[in-house]
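This briefing is meant to be read beside the sequence and the coordinates. Please keep both in view while going through the points that follow.

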Amino acid sequence: DQVHVLLVEDVEMNQLVACSILEEYGATVTIANNGQACIEQVQVNEFDVILMDIQMPIMDGITATNVIKQQHLADNSPIIALTANVFKEDIEGYLAIGMAAHIPKPFKPNDMIDTIEAALK
């Protein structure tokens, strides 16, 4: 079964890198350029996993995650933070709002796939 990933990321280079990793893994990828676009996507589609950038224009990843959690928009989809912030307190903050895990930037293919697979179990 193909894994359907919602990639929420505003930087085109990061989108390209993540998509190439995910497509090589065999996933189907839908891209949202910011948190607002992410909310619109989860209202109409189901995703196996949501990869959520933290810092984005229009709506950031923290706000988008809070909306998704509060409105039960994607209760079966683990949300994984994509971030260059790898301080323990940052990561604890993401987990505290209901994110399942985090993937550090720059992306390493094995990290990304391992984290997604762990979140899907």
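Predicted model: local features only at pLDDT ≥ 70, side-chain atom pairs only at ≥ 80, totals over all residues.

With which residue does Lys105 form a salt bridge, and how far apart are the closest N and O atoms? The partner is Asp53, and the closest N and O atoms of the two side chains lie 2.8 Å apart.

**Salt bridges**

- The structure holds 3 salt bridges, and in general, side chains of opposite charge can pair when their charged atoms come close.
- Asp53 counts as buried because its relative accessible area is 4%, which is under the 20% cut-off.
- Lys105 also meets the side chain of Glu9 in a salt bridge, with an N to O distance of 3.0 Å, and this pair links distant parts of the chain, Glu9 being in the loop between strand E1 (4–8) and H1, 96 residues from Lys105.
- Glu9 is buried, with a relative accessible area of 0%, and Glu9, Asp53 and Lys105 are linked in a network of salt bridges.
- Lys88 and Glu92 form a salt bridge with their closest N and O atoms 3.0 Å apart; both residues lie in helix H4 (residues 88–96), 4 residues apart, or about one turn of the helix.
- Lys88 is exposed, at a relative accessible area of 61%, whereas Glu92 counts as partly exposed at 41%.

- An open sheet is formed by 5 strands in the order E2-E1-E3-E4-E5, with parallel pairing.
- Strand E2 (28–32) and strand E5 (101–104) are the edge strands, each of which pairs on one side only, and from one strand to the next the twist averages 25°.
- Helix H5 (residues 109–120) packs on the sheet, where it touches strand E3 (49–53), E4 and E5, and its direction makes about 170° with that of E5.
- Strand E4 (residues 79–83) pairs with E5 in the parallel sense over 4 bridges, and within that pairing the bridge partner of Leu82 is Ile103 in E5.
- E3 and E4 likewise pair in the parallel sense over 4 bridges, with Ile50 standing opposite Ile79 in E4.
- Because 5 of the 5 residues of E4 are buried, this strand is largely enclosed by the rest of the structure.
- Both faces of E4 are covered, with Ile79, Ala81 and Thr83 buried on one side and Ile80 and Leu82 buried on the other.

**The surroundings of Ser77**

- Ser77 is placed in the loop between helix H3 (61–70) and E4, and at 7% relative accessibility this residue counts as buried.
- Leaving aside residues up to four places away in sequence, Ser77 touches Phe47, Asp48 and Ile50.
- Although Ser77 and Asp48 are 29 residues apart in sequence, their C-alpha atoms are 5.2 Å apart in space.

**A nonpolar surface patch**

- Val11, Met13 and Leu16 form a nonpolar patch on the surface, and together they have about 290 Å² of accessible area.
- Met13 lies in helix H1 (residues 12–25) and is exposed, with a relative accessible area of 55%.

How values were computed: Residues numbered from 1 in each chain as written. Heavy atoms only, no water. Pairing = 2+ DSSP bridges. Helix = DSSP H or I, 4+ residues; strand = E, 2+ residues; numbered from the N terminus. Axes fitted to C-alpha atoms, helices over the stretch in contact; angles between N-to-C directions. Contact = heavy atoms within 4.5 Å. Patch = residues over 30% accessible without salt bridge, like charges linked within 9 Å, V, L, I, M, F, W, Y side chains within 5 Å. Areas by Shrake-Rupley, 256 points an atom, 1.4 Å probe, with all protein chains shown as cover. Salt bridge = Lys/Arg side-chain N within 4 Å of Asp/Glu carboxyl O. Buried < 20%, exposed > 50% of the residue type's maximum accessible area, 1.4 Å probe, protein only.
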